Amino acid sequence: MKEINTIFLDVDGTLTDGKVYLDNGKNEFKAFNVKDGLLVVSVIELGYDVIIMTGRKSEVVARRAAELGIEEYYQGVRDKKAALEKLMEEKDFAYENLAYLGDDLNDLPVMKEARFAGCPADAAAEVKEVSDLVSEFKGGDGAVREILSHILKAKGEYNQVVERFTEK
């Protein structure tokens with residue numbers, strides 16, 4: 001776990017409950033858990049690179065990424081493994097540095113290679129099989145927070161997060 005310095009996040013079904021609400025116009029709605037967001041911001045503050053990659057395109061994702069301070073987010077990606085490997089070359093990191101949080105079949109190729117893979121409780125069965133940690137929470141319901149907390153605890157960094165909020 002010590003080698004991990006990059007967190008790779010899927011959106012629909014991982015950061016959200018997987019539901020996409022569409023109105024009669026062009027508006028799309030997704031629900032994000034603020035508890036997940038707090039830990040995402042915390043790992044960024046600790047110096048981790050956080051990358052979002054999703055198969056859908058949505059202004060909501062861009063907005064949420066900006067709120068959390070995630071500078072790298074990629075949308076409309078059909079082949080996450082190919083896109084990630086290109087990014088690895090550009091940014092000089094490898095699978096051994098990667099923690100991947102995903103929930104569905106399109107996440108499998110990267111999850112099988114990542115140093116650490118985690119998924120929500122309601123992930124596809126095949127994803128659960130390759131995951132190092134299956135959260136007790138569903139996607140969009142605190143799974144990301146639990147998995148990130150697990151990684152930070154394993155690396156002895158979780159107390160730094162807690163201290164930031166308990167200092168007077």
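Analyst: We can go through the sheet, a helix and some ring contacts. Keep in mind that this is a predicted model.

User: How many strands form the sheet, and in what order?

Analyst: There are 6 strands in an open sheet, and the order is E5-E4-E1-E6-E7-E8. The pairing is parallel.

User: Which strands stand at the edges?

Analyst: Strand E5 (72-74) and strand E8 (133-134). Each has a single partner strand, so one side of each has no neighbour in the sheet.

User: Which helix packs on the sheet?

Analyst: Helix H3, residues 80-91. H3 touches E1, E4, E5 and E6, and its direction makes about 150° with that of E4.

User: Back to the strands. Over how many bridges do E6 and E7 pair?

Analyst: E6 and E7 (residues 116-119) pair over 3 bridges, in the parallel sense. Leu 101 stands opposite Gly 118 in E7.

User: New topic. How many aromatic pairs does the structure hold?

Analyst: It holds 1 aromatic pair. Phe 8 and Tyr 100 are stacked, at 4.6 Å centre to centre with 20° between the planes.

User: Where do Phe 8 and Tyr 100 lie?

Analyst: Phe 8 is in strand E1 (residues 6-9) and Tyr 100 is in strand E6 (residues 98-101), so the pair ties together parts that are 92 residues apart in sequence.

User: Are Phe 8 and Tyr 100 buried or exposed?

Analyst: Phe 8 is buried, and Tyr 100 is buried too.

User: One more: what lies over the face of Tyr 158?

Analyst: Lys 153 does, at 4.8 Å from the ring centre.

How values were computed
Residues numbered from 1 in each chain as written. Predicted model: local features only at pLDDT ≥ 70, side-chain atom pairs only at ≥ 80, totals over all residues. Heavy atoms only, no water. Phe/Tyr/Trp six-rings, centres within 6.5 Å; stacked < 30°, edge-to-face > 60°. Helix = DSSP H or I, 4+ residues; strand = E, 2+ residues; numbered from the N terminus. Buried < 20%, exposed > 50% of the residue type's maximum accessible area, 1.4 Å probe, protein only. Lys NZ or Arg CZ within 6 Å of the ring centre and 35° of its normal. Pairing = 2+ DSSP bridges. Contact = heavy atoms within 4.5 Å. Axes fitted to C-alpha atoms, helices over the stretch in contact; angles between N-to-C directions.
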